[in-house]
Amino acid sequence: MFSLYLSQITHDFVSLSFITFVTLYFAYFIVIKIHVAAYEGKHRSKPIHYKTFRLYSKSLISNSPSKKEKKFYIATNRITYFFNALLIAAFVVYIFICFR
């Protein structure tokens with residue numbers, strides 16, 4: 001039954017692309033949650049301006065009250081940029097595959 005479902009997904013382009021984007025979204029969500037949990041475990045506090053899908057501006061990073069938060073915001077921006085680049089790359093690949 002599972003192999004039948006898997007073969008249908010591989011033949012159905014829309015389902016495959018949807019599952020890919022949802023998987024990337026959940027991977028980003030899990031990586032960010034682990035990143036925040038590691039920060040909370042190490043510093044025993046949550047960052048002041050933390051939001052899940054936020055990119056932090058240079059002024060917020062430079063005006064951050066502590067060095068540990070600056071490092072957190074910079075690392076969070078890198079993670080967010082990485083997953084945004086993956087989403088864009090996946091979108092471009094699916095566009096090329098769809099219109100070839």
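Biologist: Are Phe72 and Tyr73 buried or exposed?

Modeller: Buried means under 20% relative accessible area, exposed over 50%, and partly exposed in between, using a 1.4 Å probe and protein chains only. Both Phe72 and Tyr73 are buried. Bear in mind that this is a predicted model, where local features need pLDDT of at least 70, side-chain atom pairs count only at pLDDT 80 or more, and totals for chains, interfaces and linings use all residues. Residues are numbered from 1 along each chain as its sequence is written, and side-chain values use heavy atoms, with hydrogens and water left out.

Biologist: Why is the pair of Phe72 and Tyr73 edge-to-face?

Modeller: Rings of Phe, Tyr and Trp (its six-membered ring) pair if their centres lie within 6.5 Å; planes under 30 degrees apart are stacked, over 60 edge-to-face, the rest tilted. That rule gives 7 aromatic pairs here. For Phe72 and Tyr73, the ring centres are 5.7 Å apart with the planes at 65°, so this pair is edge-to-face. Elsewhere, Tyr25, Phe26 and Phe29 form one aromatic cluster.

Biologist: Which residues are in contact with Asn77, leaving aside its neighbours within four places in sequence?

Modeller: Contact is heavy atoms within 4.5 Å. With those neighbours left aside, Asn77 touches Arg54, Leu55, Tyr56 and Ile61. Asn77 is buried, at a relative accessible area of 8%.

Biologist: And where is Asn77?

Modeller: Helices (H or I, at least four residues) and strands (E, at least two) are DSSP runs, numbered from the N terminus. Asn77 sits in helix H4. Ile88 is in helix H4 too, residues 67-98, but Ile88 is exposed, with a relative accessible area of 55%.
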